[in-house]
Amino acid sequence: MSEQAGNGNGGAGDATAQSFELKVGLAEMLKGGVIMDVVNPDQAKIAEDSGACAVMALERVPSDIRRDGGVARMCQVEIIESIQRTVSIPVMAKVRIGHYLEAQILDALGVDFIDESEVLTPADEEHHVDKFGFRSPFVCGARDLGEALRRISEGAAMIRTKGEAGSGNIVEAVRHLRTVFGQMRSLQALLPEEVPARAKELRAPLDLVQRVAETGCLPVPNFAAGGIATPADAALCRSLGAEAVFVGSGIFKSGDPAVLARAIVRATTHWDEPEELVAACRGLGKPMEGIEMETLSESQRLANRGW
Amino acid sequence: MVAAGRQSRPAAELRVGIVSVQGAVQPHAAAITRAGAAWTRVRHPEDLDELDALILPGGESTTISKGLERVGLYEALEAFAQSGRPVLGTCAGAILMAREVEGFPVRSLGLIDVTAVRNAYGTQVDSFATVAQGELEGLRAIFIRAPRLKRPGPDVEVLARVDGWPVFVRQQNALATTFHPELTPDGRVHAALLELARKRKR
């Protein structure tokens, strides 16, 4: 707790801020796991018993937010507290983009990770939260490398590709993973003097772009979210490079949540072992209904929120 | 395209298995590579064949525990440890090696005579970094939602402490840390594991 983040993006001088190393450290510990959306302690318990490595507390799962409309906000404090009392695994919660007061409330509650999420209704259409000044680490969504690096420059300790939350359709998650990894691969092919122009194109800080060009990977763990509804979806995201997966509506909108949750955990661990995947896919209940992307207008697409 | 390799193949003298059910596998793999040994991932009992040492990494102990149960690795890991080959557990791995687990119990292997208390320091906002006291001078230790080890038995050697609590312990061929040596460049904990493996091979 003594060290500062060091990237100089605000927050410095705040004695309560936690070092970036510790924040990324927890993200490292979540690799290879499944983070499950839950709306009450009973669901949180099912998630933990099924092998989730963390739960995400929220008021409504994305598919319900999509169906019911209205402003989607941070989860009620009592629900978060009851989930924290119920499970021993990390508890995450979402704040609206730019709503640093919601973030301060979650930080004071001691949540293990804050998701500044496009699934909720944005509070600020220009600025994301300055994430360095908090004790809790942040995860943010991204559709491409530039967006990922902008969030990291604001202090995000984990990136998740956005996909399209609540759609039950994996196509956007695949698009975003391929985009991020493809852009990282193409950066590695550049000569050093070509990197600044690419940084400009990506609208990302030069130092971070240079670092990716050298290492070929993001400086923080890179997970996938948005539309994962089956064990095979989870394995596909792992195969495309995601180090862990977030599953939102997919589990608790399915016919048998506990069975599907266990199956997705199994597929996330054994993503490159076809026999294990076959076993994971046996005996599943009815999956959630999916949505064709063509039926969603641009304004209905949650991934378009955030910049 | 793969997210991470499943093994390294240098012509190394020692081969270390890393339990790869869930958690921070890659930082341990990097530390083992830096120390000049080879590593391979362990997800099934047959993966333990021909290994000289084993690492149980950090991650979520409930998740890892359920994964070990599912593939029948508990029994295989017990047999591995009984063969005298060294095992290192870090954070969640230390919990899984303890004799007893308090707080939110998970099944443990009982390789070290201590009681592990899960989430003993609090949530992530209480995670911290400090310098441990003990034989390894200036050992920088990172604690992430760390457990605490209580009541070490007479056969347990305490190699490092923080605020009086054991954070690095050894019982015969079993080593455990409640902190994360794989997240710092200090290679001494991994070197201790490899040294035990080397001694056994001689």
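Predicted model: local features only at pLDDT ≥ 70, side-chain atom pairs only at ≥ 80, totals over all residues.

Trainee: How many residues of chain B are in contact with chain A?

Mentor: On the chain B side there are 39 residues, and they are in contact with 47 residues of chain A. The area buried between the two chains is about 3200 Å², and carbon and sulfur atoms give 54% of that area.

Trainee: What is the count of salt bridges between chain B and chain A?

Mentor: The count is 5 salt bridges. One of the salt bridges joins D272(A) and R41(B), with the closest N and O atoms 2.9 Å apart. There are also 21 residue pairs in polar contact between chain B and chain A.

Trainee: Which elements of chain B give two or more residues to that side?

Mentor: They are helix 2 (61-71), strand 7 (128-134) and strand 8 (139-143) of chain B. Helix 2 of chain B gives the largest share, 5 residues. By type, the residues on the side of chain B that touches chain A divide into 15 nonpolar, 13 polar and 11 charged.

Trainee: Changing topic, how many aromatic pairs does the structure hold?

Mentor: Over all chains, the structure holds 7 aromatic pairs. F223(A) and F246(A) form a tilted pair, with 6.3 Å centre to centre and 50° between the planes.

Trainee: Where do F223(A) and F246(A) lie in chain A?

Mentor: F223(A) is in strand 7 and F246(A) is in strand 8 of chain A, so their pair ties together parts that are 23 residues apart in sequence. Both F223(A) and F246(A) are buried. In chain B, one aromatic cluster is formed by Y121(B), F128(B), F143(B) and F179(B).

Trainee: And helix 10 of chain A: which of its residues are buried?

Mentor: Helix 10 covers residues 231-239, and its buried residues are P231(A), D233(A), A234(A), A235(A), C237(A) and R238(A). These buried residues pack against several elements of chain A, including strand 7 (222-224) and strand 8 (245-247). Helix 10 of chain A is followed by G241(A), whose phi is positive, near 115°.

Trainee: What is H127(A) in contact with, leaving aside its neighbours within four places in sequence?

Mentor: H127(A) is then in contact with I97(A), G98(A) and W307(A).

Technical notes: Residues numbered from 1 in each chain as written. Chains lettered and ligands numbered in written order. Heavy atoms only, no water. Buried < 20%, exposed > 50% of the residue type's maximum accessible area, 1.4 Å probe, protein only. Helix = DSSP H or I, 4+ residues; strand = E, 2+ residues; numbered from the N terminus. Contact = heavy atoms within 4.5 Å. Buried area = accessible area lost by both parts, 1.4 Å probe. Salt bridge = Lys/Arg side-chain N within 4 Å of Asp/Glu carboxyl O. Polar contact = N/O pair within 3.5 Å; in protein donor to acceptor, adjacent residues only side chain to side chain. Nonpolar A, V, L, I, M, F, W, Y, C, P; charged D, E, K, R; others polar. Phe/Tyr/Trp six-rings, centres within 6.5 Å; stacked < 30°, edge-to-face > 60°.
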